Amino acid sequence: MTETLGTSAQPCGPTDTPDDVDIDALREKYAQERAKRLRPEGSKQYVELTDDFAGYYEVDPYTPVTPRDPITEDIDVAVLGGGFGGLLSAAYLKKAGVDDVRIIELGGDFGGVWYWNRYPGIQCDNESYCYIPMLEELDFMPSKKFADGTEIYEHCRRIGKHFGLYDGAIFSTQVRNLSWDEEINRWRISTNRDDDIRARFVVMASGPFHRPKLPGIPGIKDFKGHSFHSSRWDYDYTGGDSTGNLHKLADKRVAVVGTGATAIQIVPYLAKDCQHLYVFQRTPSTVDERNNAPTDPEWVKSLKPGWQKERQRNFHAWTFEGMALGQPDLVCDFWTELGRNTAARVMALEDPASLTPEQFMAIREEEDYKIMERLRRRIAEIVKDPDTAEALKPYYRFLCKRPLSNDEYLPTFNRPNVTLVDVSESKGVERITEKGLVANGQEYEVDCIIYASGFEITTDISRRYSIEAIEGRDGLSLYDYWRDGYKTLHGMTSRGFPNQFYTGFTQVGISANIASNYELQGEHIAHIIAEALKRGATTVEPTQEAQDQWCQTIRDTAVDTSAFDASCTPGYYNNEGGGGGEGLRSHLGEPYGPGFYAFGDLLKEWRDKGDLDGLVLGT
Ligand code: NDP
């Protein structure tokens, strides 16, 4: 490898990848591996955490829920969700001079995914210097390239304290219903604590990963042992904390279902401490070396104001935009490798400028096959048992699933107390019994099942928001209104739902860095709310015409990724391969084609014009 660490300002070059790759044969193999896993019910194969399963979601193992009286009050802004999305919206509201802001959050503190996900080994999976927002503004520098979850959680709390968001925050509270009250021009928010909060404005900030899901394995309710979802870690049962020492598992046989980003961080820690670990794998992840390193103080000293935004933009260019000729790759890791290797090939051409988009994509595809082959050969070098090594090899294109890095995961399969159970042939674990899990005709008896089975990401919005009903003007349900696709202006407001604002992946430009999306949206939403308040308006919503135009813009600029998505192994990136009649819905919503930075420019121009074009203000 010729890479340098990401904290270096030096440009880094392409990596060494194998040349002896039979792309046609691999293409066929990828298609077979995809077909093997494709399930006709698509995302409906998962169990929604309601009714009998509600406990897997509503339990908070980290903060006792303290009784309190119901709250009845009028406020300016309710922000629903206290993760990065909610925190950044609330922070920008405060910066815009809107003070009466209350965050309502199910967890016992701010943090969102970083509050809930406290499993052993939790770390950021993409570079902390890009991922963690407001580093310069809050004068904080992560301790290493891939920061620990506890550090990121602490930063969420730092944002909360810095902007005074703890004042008035309502924790341990689940919003049940939202309805627009035409009489008072406010949203009425009812909760599981019998609150009746009447908010002039509501910002939806539940985030894409907040609602865990379970695999719909037959018999899942029959298991008599202990079980929990990875985002509700039961340290009372396992002992230890996010740094490990799970001492209570010494005499326990444990099963992990899933081998995604979460599982690969958990598995080495469980293996160290439990009696025996069974890892049930349907699709292997791509796992590269991590190259994590403490933050270099000399590098920190060299940074100039504005460095974080510049770095985020550089990361975005090398990942989402394919490559960034003429710019060094500042992040320089497994996320940007494909862009870097493609760029090196392009620059070696006699006349790079004459390259057509098709030729560019063909080069990129070749480099993709070579990188994936490099990763597969790496597994064969690390994992001693050839059958286990073969089962761990990912056969799909890079970015079909989230790429991962971890130095302990693969060697864990050399331990005598770890068994990889490949459940690809049966498209998942066959059955769960009172005593354990059945796969390939064999029952594996275990004491505990840990479901690292992911989150509701591409399912219907009604499943993802965790709010029973959202009713706008004349009782119109948002879930019905958006059933066939989002209908918004700039992805953030929707006609018939006055004073309601959306964050996340709706109809917006998308950054490779999720927190950048939230910052951009937070700033824009804060601007509209502050302007509405300044102008004495009690309602603001898009005109039909402006909304229709934006939906048309989204359609006109859409980048067609369907061929790539359709070639990918199923997962949440492609809505489980599009089964269940839902099609290949992207986990990124309906993105604005020209991209994140063009979207930012468009919003800024719109704000600078000052006329709130396309919005109707009412009093
Ligand atoms: P994923 O959705 O990525 O993984 C779920 C796993 O469960 C998959 O391996 C899936 O297999 C498996 N699975 C589902 N159903 C079955 C079944 N019936 N039998 C066997 N296996 C099954 O969830 P994660 O929690 O791992 O990650 C979700 C996302 O959260 C990540 O992609 C990432 O964006 C984020 N994350 C971020 C981190 C960070 O550091 N920033 C760390 C951890 C997570 P299959 O692949 O075949 O569907």
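**Reading a ligand shell and a cavity**

The second largest cavity has a volume of about 50 Å³.

Trainee: Before we dig in, what sort of model is this?

Mentor: It's a predicted model.

Trainee: Okay, cavities. How many are there of 30 Å³ or more?

Mentor: Here's the general idea: rolling a probe the size of a water molecule over the atoms shows where empty space is left. In this case the count comes to seven cavities of 30 Å³ or more.

Trainee: Which residues line the second largest cavity?

Mentor: Ser-43, Tyr-46 and Lys-213 are among them, and so are Phe-455, Glu-456, Ile-457, Thr-458 and Thr-459. Tyr-572 and Glu-576 line the second largest cavity too. By class, that lining has four nonpolar, three polar and three charged residues.

Trainee: Now the ligand. How many residues surround it, and which are the closest?

Mentor: The shell holds 27 residues, and the closest are Gln-123, Asp-125, Thr-262, Thr-283 and Tyr-572. Sort the shell by class and you get 13 nonpolar, ten polar and four charged residues.

Trainee: Which helix gives the largest share of that shell?

Mentor: That's helix H8, residues 261-273, with three residues.

Trainee: How much of the ligand does the protein bury?

Mentor: Taken alone, the ligand exposes 920 Å², and the protein buries 91% of that.

Note on methods. Residues numbered from 1 in each chain as written. Predicted model: local features only at pLDDT ≥ 70, side-chain atom pairs only at ≥ 80, totals over all residues. Heavy atoms only, no water. Near = heavy atom within 4 Å. Areas by Shrake-Rupley, 256 points an atom, 1.4 Å probe, with all protein chains shown as cover. Helix = DSSP H or I, 4+ residues; strand = E, 2+ residues; numbered from the N terminus. Nonpolar A, V, L, I, M, F, W, Y, C, P; charged D, E, K, R; others polar. 1 Å grid on protein atoms, 1.4 Å probe; cavity = no way out; pocket = protein on both sides within 12 Å on 5 of 7 lines; lining within 4 Å. Points joined across faces, edges and corners; volume = space filled by probe spheres on them.
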